[in-house]
Amino acid sequence: MATAVLTETTVYFRKPLDGKIALVTGSSRGIGSAIARELADRGAAVAINYRASLSSAEALRNEIRQHGGESDLFCADVSVRQEARDLIRQVIDSYGRLDILVNNAGITRDRSIRKMTDEDWTEVIDTNLNSIFYCTSAAVPFMVEQKFGRIVSIASFSGQAGNFGQANYAASKGGIIAMTKVLAIELARYNITANVIAPGFTTTEMVAAIPANIQEQILARIPLGRFAQPEEIAKAAAFLICDGDYITGQQINVNGGIYM
Ligand SMILES: NC(=O)c1ccc[n+]([C@@H]2O[C@H](COP(=O)([O-])OP(=O)(O)OC[C@H]3O[C@@H](n4cnc5c(N)ncnc54)[C@H](OP(=O)(O)O)[C@@H]3O)[C@@H](O)[C@H]2O)c1
């Protein structure tokens, strides 16, 4: 993957994302932190966005720096329009450009439709879907100017297949998939691609919150018989970013076969 480069004085290995700037929303924990780590490993300078989990965000930044990478922390609640737009501005002010936007931040507020409150609905749509509009619409003018951009948004199999108790979540994730197709059509002419990763159940705090007996029932529905590791989602995102120049408007399902 790394290319050997010979100069008069030294030999070094060029990584595929050397010189690229990446922002991963919600990268203090879980899938987002695995994506941030993977992109840093491939040479990108990574802006880590967190909302509440400062200490785990700091630990990730320190780890990336200890491995010779570049990374900084950016606190923002991306469900809040102005905070999301300020986040994009702060990243560009810090690094001078933004090449890769990974829209990852997400929450669940699961309840059947008979019990779901307006707050459950609004909080999930604001965090999982509206945030992507705020961040992407703020980043696109810079990507257009650069004639380069890679946008990857994290949806879910729930947005493709539906899942009990997730009317709000499935609507947000289905919205991401539909929105991504439009971004792909509108932005291709500027060498900006937009794609979706649709994970199945993945071992993070989001899944740890599911009661054990329900986890057993879910496992029985997964052909590969296990949950994904966050690193497996991260590798798919990195593939799209590093090797996906001719891929746009697509969904990569990393779900163990739970939805085909
Ligand atoms: N785990 C799964 O099974 C699964 C399956 C399919 C799709 N996904 C999707 O994958 C993404 C990551 O999920 P995960 O499992 O890694 O979840 P997680 O472990 O609960 O982590 C969520 C991350 O999002 C951040 N976040 C939440 N709300 C935010 C906000 N308003 N502003 C900024 N950051 C915010 C959190 O940051 P703080 O802690 O700092 O607030 C945290 O870093 C989500 O979009 C989720 O829907 C997950």
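## Surroundings of the ligand

Of the 30 residues around the ligand, those that come nearest are Gly26, Gly30, Arg51, Gly106 and Thr204; a residue is near a molecule if its C-beta atom, placed from the backbone, lies within 6 Å of it. Two or more residues of this shell come from each of helix 1 (30-41), strand 4 (45-50), helix 4 and helix 7 (205-208). Helices (H or I, at least four residues) and strands (E, at least two) are DSSP runs, numbered from the N terminus. By class, the shell divides into 11 nonpolar, 15 polar and 4 charged residues. Here Ala, Val, Leu, Ile, Met, Phe, Trp, Tyr, Cys and Pro count as nonpolar, Asp, Glu, Lys and Arg as charged, and the others, Gly among them, as polar.

The model is predicted: local features need pLDDT of at least 70, side-chain atom pairs count only at pLDDT 80 or more, and totals for chains, interfaces and linings use all residues. Residues are numbered from 1 along each chain as its sequence is written.

Seven strands form an open sheet in the order 5-4-3-6-7-8-9, with parallel pairing; two strands pair if DSSP finds at least two bridges between them. Strand 5 (71-75) and strand 9 (251-254) stand at the edges with a single partner strand each, so one side of each has no neighbour in the sheet. On average, neighbouring strands are turned by 20 degrees against each other, direction ignored.

Strand 4 and strand 5 pair in the parallel sense over 5 bridges, and Tyr50 stands opposite Cys75 in strand 5. Helix 2 (residues 54-66) packs on the sheet, where it touches strand 4 and strand 5, and its direction makes about 165 degrees with that of strand 5. Angles run from 0 to 180 degrees between N-to-C directions, and axes are lines fitted to C-alpha atoms, for helices over the stretch in contact.

## Helix 3 and helix 4

Helix 3 (residues 81-95) and helix 4 (residues 118-146) pack at an angle of about 35 degrees, with their axes 8 Å apart. In their contact, Arg81, Ala84, Arg85, Leu87, Ile88 and Ile92 of helix 3 meet Ser131, Tyr134, Cys135, Ala138, Ala139 and Phe142 of helix 4; residues are in contact if their C-beta atoms, placed from the backbone, lie within 7 Å. These residues divide into 9 nonpolar, 1 polar and 2 charged.

## Val102 in strand 6

Val102 is found in strand 6. Val102 is buried, with 30 other C-beta atoms within 10 Å (buried: 20 or more; exposed: 12 or fewer; partly exposed: in between; C-beta atoms placed from the backbone).

Terms used
Two residues are in contact if their C-beta atoms, placed from the backbone, lie within 7 Å.
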